[in-house]
Amino acid sequence: MKKSLLIGAAAVGVAAGAVAVRAGLRSGRRTETLPTPSPTEPVIEPGIDAQSFLDHLAEAVRIPTVVYAERERNDPADILAMHAFLRESYPLTHERCRVETVNDLSLLFTWEGTDADADPIVLMAHMDVVPVEPGTEDDWLVGAFEGKTVDGELWGRGTLDDKGPLIAVMEAVEHLASTGFTPERTVILAIGHDEEIGGAEGAANVAALLNERGVRPWFVIDEGGAVTDALPPLTTDPVALVKVAEKGYVDLELTATGEGGHSSFPPKQSTIGALAAAIQRLEAHPMPARIDVLRPFFAALAPRLDPRLRPILTNLGVTGPAVSRLLASKQETNVMMRTTTAVTMVSGGVKPNVLPQEASAVVNFRILPGDSIESVIEHVRNVVGDDIAVLPVGEMRGEPSRFSSTDSPAWKVLGTSIEETFPDAAVAPWILTGATDSRYYSDFAGDIYGFAPFTGEMDMLGAIHGTGERIRTSDAETAVSFFCRLIRNAQPDA
Ligand SMILES: [Zn+2]
């Protein structure tokens, strides 16, 4: 998963201006009293071996499946060691499922269901991890690839992203198989090997293969969500953030061209000056904010929202413009509701006394669902004017995902499984600002969600890709149980 858990900071932004927005609400407006959910005991699959999960995850962390953007640096031996480890650790899974390697390094498990008419479900994970940033190794309490537990927390690169979910899924399938469970609905495990560098060799090929075979997944569950202990100041209750959409990505190159020549006879505006002016206009005119995309999120949280914030955040019809202005004023919240503009590279000129004939800049856009690469290009052309050429560049390019339903039978299965496992948590749909492997399924799968059954404070969940990535050992049983419940709840007769 690309690092993108910004919601903690975002929530702070909401509170900061809540009072101001509140003043804008029409007085005398009645707010509904919503029932407070009553806590119940989690539903746990009997017979789960939590220690087995922890031991296997620690072992998986010790296989340093680090990937770098420069693919020639990546050693396939690490990924192959992970294949061998999974084969040894999950014999029943390997016996009951058809196991295929795709493009040599990704894994595809198919646990054939007895009901050929039931569309399969796809559970995704990835074996690769990001490197530890050089120079930060000593900031870890224990080594990032030691797989050690300290004070009830299992540390290591990949514990959350994405070996924790991977091992939880494997343990769940192994457990279900050991109880004699046979699925009616086919269960597919799609395990990538290069998600952190875009998934072009792994998940892209796995998805293409499934599509080619005519597989039409009922739903897909990938990374992109987790359970926060609380979301201050919105709520003190735990919140299960479920990814229902992902932002898209495009890099645009802006180029100004001119006469060039000697610097002793400069024109009124140089190519660099024209480029700079275009960049300035672009930063002053971002793509429009769309507070509406946050409506389902606030609605889902409504029963748990701080009562002072509830009328503001659940009446966006009235408060929308004010809330929107407020969120736009803070970097952390701004990114949640608009396509972002980031000028990342600039070049032009080779000598102090020569006017360059060309000056160019690269601008990175993260595209909110509802916008598109085309609408971004059109917007940029309008803003910078005809004298600046605008062209998409680079390999990385992708449309934002569609929104998966929060009202479908698939959502019900996922929501029920989360509620059973984390009965105290509110289930809230969320837009991921990064991209994950599941985007490769968007053309042929039903609903695509992101959720990992691990808990933490926002800081802890935010350690993905950073220093101190770890999980709570107390999550072991629930993590495995969650996937057991999900597979059971997804059966046609469940
Ligand atoms: Zn990931």
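**Exercise 1.** How far is the sulfur of Cys484 from the closest cysteine sulfur, and which residue holds that sulfur?

*Solution.* Keep in mind that you are working with a predicted model.
- Step 1: Start at Cys484 and look for its closest cysteine sulfur, which sits in Cys97, 13 Å away.
- Step 2: Compare that with the cut-off, since a disulfide needs two cysteine sulfur atoms within 2.5 Å. The 13 Å separation is therefore too far for a bond.
- Step 3: Now go the other way. Cys97 is in no disulfide, and its nearest cysteine sulfur is that of Cys484. The disulfide count comes to zero.

**Exercise 2.** Find out whether Cys97 and Cys484 are buried or exposed.

*Solution.* 
- Step 1: Recall that buried means under 20% relative accessible area.
- Step 2: Cys97 has 8%, so Cys97 is buried.
- Step 3: Cys484 has 0%, so Cys484 is buried as well.

**Exercise 3.** Describe helix α8 and work out how its buried residues are arranged.

*Solution.* 
- Step 1: Locate the helix at residues 271-284; its 14 residues reach 20 Å from first to last C-alpha, close to the expected 20 Å.
- Step 2: List the buried residues: Thr271, Ala274, Leu275, Ala278, Ile279 and Leu282. They share one side of α8, because they cover an arc of only 135° around the axis.
- Step 3: Here is the general idea: an α-helix has 3.6 residues a turn, so residues three or four places apart point the same way.
- Step 4: Finally, see what covers the buried residues of α8: among the elements are strands β10, β12, β14 and β15, together with helix α13.

Conventions:
Residues are numbered from 1 along each chain as its sequence is written. This is a predicted model: local features need pLDDT of at least 70, side-chain atom pairs count only at pLDDT 80 or more; totals for chains, interfaces and linings use all residues. Side-chain values use heavy atoms; hydrogens and water are left out. Helices (H or I, at least four residues) and strands (E, at least two) are DSSP runs, numbered from the N terminus. The expected span of a helix is 1.5 Å times one less than its number of residues. Buried means under 20% relative accessible area, exposed over 50%, partly exposed in between (1.4 Å probe, protein chains only). The arc is that of the directions from the helix axis to the C-beta atoms. Contact means heavy atoms within 4.5 Å.
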